[in-house]
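Colleague: I am new to reading protein folds. Please take me through one, feature by feature.

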Amino acid sequence: MSERGRALERLAARIVARTGLHYYADKMDLLDIILARRMEACHCARPMDYLSLLSDPHGGETEWRALESAVTIGETFFFRYAEQFHALEATILPDLIRRLHGLRTLRIWSVGCANGAEPYSLAILLRRLLAARGETGWRIEILGTDISLHALDRARRAEYGAWSLRDLSPAERARWFRPADRDRHWILRDEYRRMVRFEYGNLMDLSAGGGPAGPFDLVLCRNVLLYFEPARALDLIRLLAGRLSPHGWLLLGHSDPLSECGAFLETVTFPGTQAFRLPGTRLGPPPRPRPAASASAPAPVPVPVPVPRRRPSATPVIACASLRDATAAAAAVRDLAEAGALDQALACCAAALADHPLDAGLHFLSGMLAAGAGDPASAEHGFRRVLYLRRDHVMAHVHLAHLLHDSGQAGEGRRLLRQARMLLERLPPDAPVAEAGGLTAAGLLRLIRPDGTDHDDEPPQADAAALPALRGTGT
């Protein structure tokens, strides 16, 4: 084996040991690109020199933080996993507000918060719920942690492009954000930013007693543990459950070992999703008052320290094009899109498609990116290419229906939605739909057929009414 090959294997082993991200155990192509970038940044001539730098007692920890940012997969957007947010709005947060009414303190932990879209979505939702109930004087503590310093920096800036806001209507975007200096970018309004604080956090520290101190009334660890080995993921879920308050809730991702959590947690089933509580929560006593914070403790809801704006660092398209694996190429495209570099993401996707012209996933990404960039013709081409390659791709039907509806081709849009319904009806109700942002077959079917009527008898306007509710649902 070459020196570089040996270095990559050792680097993969060290990344897995430090971060738990078993995803990189066999992603040598992607890891090779990351290693090349970090070697260039650190002026290391040989791969082994870089490994030595990671062990250096002086600069090693600093480089580890940079490497952790490079290996983190930070794809997310506002109000991701619609069915979980429906459960939060209808049941989970109202339950906590009722239970904690006397304390008027609510603590939430967003694990693996990436660019902050998840904790900020919770801030928006909580502020709306409290206002609707006429509740005042609440102390809301929302903590977002991530292993990526780059992601945390972006979260504190709270500036987002169209890709991160793709599930929001124009009215919602105007209500919660203000325009940024850059075109097609928006900044979250201060009243929501003040509700959230961000810290560096490595899930692997939990096993040694590290991490933020509990208890928390709500813990979200979604789209994080799927990159861990199943046994390690289950151990971490146990540790997260140990940070819950007696009445607290835990939300996980759809790909996590949910069925095994029933051995030590109470499962609460909602339409299209599940949540978890400590056993006996519903019969438990009211929570005891928490001790007052000491004078030296940090403020619970500080205003984030302003960070000078800078454009995300450019990722060379050649790096994306050199990925031989279509899945790794798609991950690189998503990372660019998430960083707000839509033009680079589109170019990267086109380069990847040149190597993988029959990959339906890349064509779907191309359609989503074109739609986000305001190019409906290219978006339509991308989605039609997906359907040529995979007639059973539900979300390509849905997004193409959106485009055709908006261009005045309502009849063709209705036809595509009917086909999407037929595909969904063949799936188990609780099966997650690919590229649907966490929606299950039953949940997506309810959005497409909101009145519950049979599709053969459904009036045409029901198809059109479903379109705004689904706009933006995707990768």
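Colleague: Which residue in strand 10 is the bridge partner of W249?

Modeller: In strand 10, that partner is R277. Strands (DSSP runs of E, at least two residues) and helices (DSSP runs of H or I, at least four) are numbered from the N terminus, and two strands pair if DSSP finds at least two bridges between them. Strand 8 and strand 10 run antiparallel and are joined by 2 bridges. Keep in mind that this is a predicted model, where local features need pLDDT of at least 70, side-chain atom pairs count only at pLDDT 80 or more, and totals for chains, interfaces and linings use all residues. Residues are numbered from 1 along each chain as its sequence is written, and side-chain values use heavy atoms, leaving out hydrogens and water.

Colleague: In what sense do strand 9 and strand 10 pair?

Modeller: They pair in the antiparallel sense, over 5 bridges. F270 stands opposite T273 in strand 10. The two strands form a hairpin with 2 residues between them, and G272 in the turn has a positive phi of about 80°.

Colleague: How many strands does the open sheet have, and in what order?

Modeller: To read a sheet, walk across it from strand to strand. The open sheet has 7 strands in the order 6-2-1-7-8-10-9, and the pairing is mixed. Strand 6 (196-200) and strand 9 (266-270) are at the edges with a single partner strand each, so one side of each has no neighbour in the sheet. From one strand to the next, the twist averages 20°. Helix 5 (residues 82-99) packs on this sheet and touches strand 1, strand 7, strand 8, strand 9 and strand 10 (273-277); its direction makes about 175° with that of strand 8. For such angles, axes are lines fitted to C-alpha atoms, for helices over the stretch in contact, and angles run from 0 to 180 degrees between N-to-C directions.

Colleague: Over how many bridges do strand 7 and strand 8 pair?

Modeller: They pair over 5 bridges, in the parallel sense. W109 has L143 as its bridge partner in strand 2.

Colleague: Which residues of helix 10 are buried?

Modeller: Start with the general idea: an α-helix has 3.6 residues a turn, so residues three or four places apart point the same way. In helix 10 the buried residues are A233, L234, L236, I237, L240 and A241. Down the axis of helix 10 they fall within an arc of 160°, so they line one face of the helix. That arc is taken from the directions from the helix axis to the C-beta atoms. These residues pack against strand 1 (105-111), strand 7 (216-221), strand 8 (244-252) and helix 11 (258-261).

Colleague: Where is E68, and which residues is E68 in contact with, leaving aside its neighbours within four places in sequence?

Modeller: E68 lies in helix 4 (residues 60-71) and is buried, with a relative accessible area of 1%. Contact means heavy atoms within 4.5 Å. With those neighbours left aside, E68 is in contact with R18, T19, I147, Y200 and N202.

How values were computed: Buried means under 20% relative accessible area, exposed over 50%, partly exposed in between (1.4 Å probe, protein chains only).
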